[in-house]
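Subject: Handover of a structure and the findings on it

Dear colleague,

Please find below the structure that I am handing over to you. My findings follow directly after it.

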Amino acid sequence: MKKTVRSPGSATIINAIATGFGSAFGIGLDIKCVAKTTENSIKCSNDVGADNSLMELCVERVFNHYNINKDELGIDLKTESSLPMASGLSSSSASSNAIVKVVSSIVSEEFDLNPLDDLQIINMAIDASLEAGVTITGSFDDATASYFGGVVLTNNREREFIIKERMDEYPILVYMPNFYSKSGDSNPERMKLLAPLVETAFGFAKQKDYFKALNLNGLIYSATLGFDSSIAIDALEAGAIASGLSGTGSSFVAVVSENSIDDVKDAWSKFEGRVIETKVDNDGCMLL
């Protein structure tokens, strides 16, 4: 048996580290996971040279849920990514969502068992990410924006939705500098110092003023984490609708109109790195 799942990344509106409340939206960059059944082994590989620990933990959690052992079924997993790793674009959430979904689909079909529902998949993927140490808050906002697409506003501590809806499919530009920043390496205590300001940004998001929230959140976390906020400000000056740091960096995102794409790209051309064009994703995680 062979199955393929694609899972998009997401961009930050509100980073949940300071307060436990977050917001994110799906973007068109994704991870595809191809899985096929084999005999008596779990084999994981990826095209970006990343450590396979998270992949293996996702498989193990699905097997444990169904009480399956490697003597009964083997899985060969490969991921292919258009989503930059360790960049603040939810690559870990996208990867874990895709792996749990594809493995659970194979196991449930192979043994005629009940498939996992959407939130079971998401929670299992989050638990694996926490165990692997690739997230600080569990990233329920990132995980659900990746899984469902569109925009979400969430209570990450309780893993509950506040808002979950489609988002207009704006063009999105991503500025990727020539370095990476792993979420698990960040200092949450430093970020929590600015919780009152982040709460203000979250208030805008609750009113569905997502772009004002994204701008303010980006400035707050750029200052806290030592990123150059002029990257976002230059994008706004060039006509972006909104721009800010995504996650704990290192990427910045800009929500743009078709008419402002070239101007924002020109504004970012003075910074070392590259610019990726994509768009809002409302499709989410799915079997192909």
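Phe148 counts as partly exposed because its relative accessibility is 22%; buried means under 20% relative accessible area, exposed over 50%, and partly exposed in between, with a 1.4 Å probe and protein chains only. Tyr147, at 3% relative accessibility, counts as buried.

Please note that this is a predicted model, in which local features need pLDDT of at least 70 and side-chain atom pairs count only at pLDDT 80 or more, while totals for chains, interfaces and linings use all residues. Residues are numbered from 1 along each chain as its sequence is written, and side-chain values use heavy atoms, with hydrogens and water left out.

Aromatic rings

The structure holds eight aromatic pairs; rings of Phe, Tyr and Trp (its six-membered ring) pair if their centres lie within 6.5 Å, and planes under 30 degrees apart count as stacked, over 60 as edge-to-face and the rest as tilted. One of them joins Tyr147 and Phe148, and this pair is edge-to-face because the planes stand at 80 degrees, with the ring centres 5.1 Å apart. Ring pairs also link Phe140, Tyr147, Phe148 and Phe161 into a cluster.

Tyr175 and Trp268 form a tilted pair, with 5.9 Å from centre to centre and 50 degrees between the planes. Tyr175 belongs to strand β7 (residues 171-176) and Trp268 to helix α9 (residues 261-268), so this pair ties together parts that are 93 residues apart in sequence. Helices (H or I, at least four residues) and strands (E, at least two) are DSSP runs, numbered from the N terminus. Tyr175 is buried, with a relative accessible area of 4%, and Trp268 is buried as well, with 1%.

Backbone features

Where is the cis peptide bond? It joins Gly249 and Ser250, with omega at about 10 degrees. Ser250 is found in the loop between β8 (242-245) and β9 (252-255).

Asn40 is a residue other than glycine with a positive phi, near 60 degrees. Asn40 is placed in the loop between β2 (21-38) and β3 and counts as partly exposed, at 48% relative accessibility. Asp112 is not a glycine either, yet has a positive phi of about 55 degrees. Asp112 is found in the loop between α2 (91-110) and α3 (118-132); at 70% relative accessibility, Asp112 counts as exposed.

Yours sincerely
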